[in-house]
Amino acid sequence: MVGRITFLPLGKTVQVRPGTSVLRAAREAKIHIATRCGGNAGCLMCKIQVDPEQAVSLSPPSDAERRKLGPLLEQGVRLACQAGVRGEVAVRLPEDPLKAAIRKQLERQREDEELW
């Protein structure tokens, strides 16, 4: 059996061995997911989003993931370093913080321009 993971919003799909973490799959696909802890569920920087109906295509949350994420797990948030691919799944990557700040600033500028 082969795992398939699609990284959204990029739309890039890669095949991996079952059990491969989402973080490792991203690295193999040359997709950056920020992390400081080296994949030990310590920094919480590698949060991803998965639709609830596709959650079965990832390994069950680890104890560390349950402690760190708590109720966010119910909203489909997982840690890329802990979630292993078990089938075909699409995950939404977080927006880069710098790009998010720039996007928000541009939106504010557009709103200001509309006022004038």
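Terms before anything else: two strands pair if DSSP finds at least two bridges between them. Helices (H or I, at least four residues) and strands (E, at least two) are DSSP runs, numbered from the N terminus. This is a predicted model: local features need pLDDT of at least 70, side-chain atom pairs count only at pLDDT 80 or more, and totals for chains, interfaces and linings use all residues. Residues are numbered from 1 along each chain as its sequence is written, and side-chain values use heavy atoms, with hydrogens and water left out.

Strands now. S1 (residues 3-8) pairs antiparallel with S2 (residues 12-16), over 5 bridges. Thr-6 has Thr-13 as its bridge partner there. Leu-8 stands opposite Arg-92.

Next, salt bridges: a side-chain nitrogen of Lys or Arg within 4 Å of a carboxyl oxygen of Asp or Glu. How many are there by this rule? The count is 3. One joins Glu-28 and Arg-24, at 3.1 Å, N to O. Another joins Glu-65 and Arg-78, at 2.8 Å. Glu-65 lies in helix H2 (residues 63-69) and Arg-78 in strand S4 (residues 77-79), so this pair ties together parts 13 residues apart in sequence.

Buried or exposed? Buried means under 20% relative accessible area, exposed over 50%, partly exposed in between (1.4 Å probe, protein chains only). Glu-65 is buried, at 0%. Arg-78 is buried too, at 6%. Arg-24 is exposed, at 52%. Ser-21, in the loop between S2 and helix H1 (22-28), is buried at 18%.
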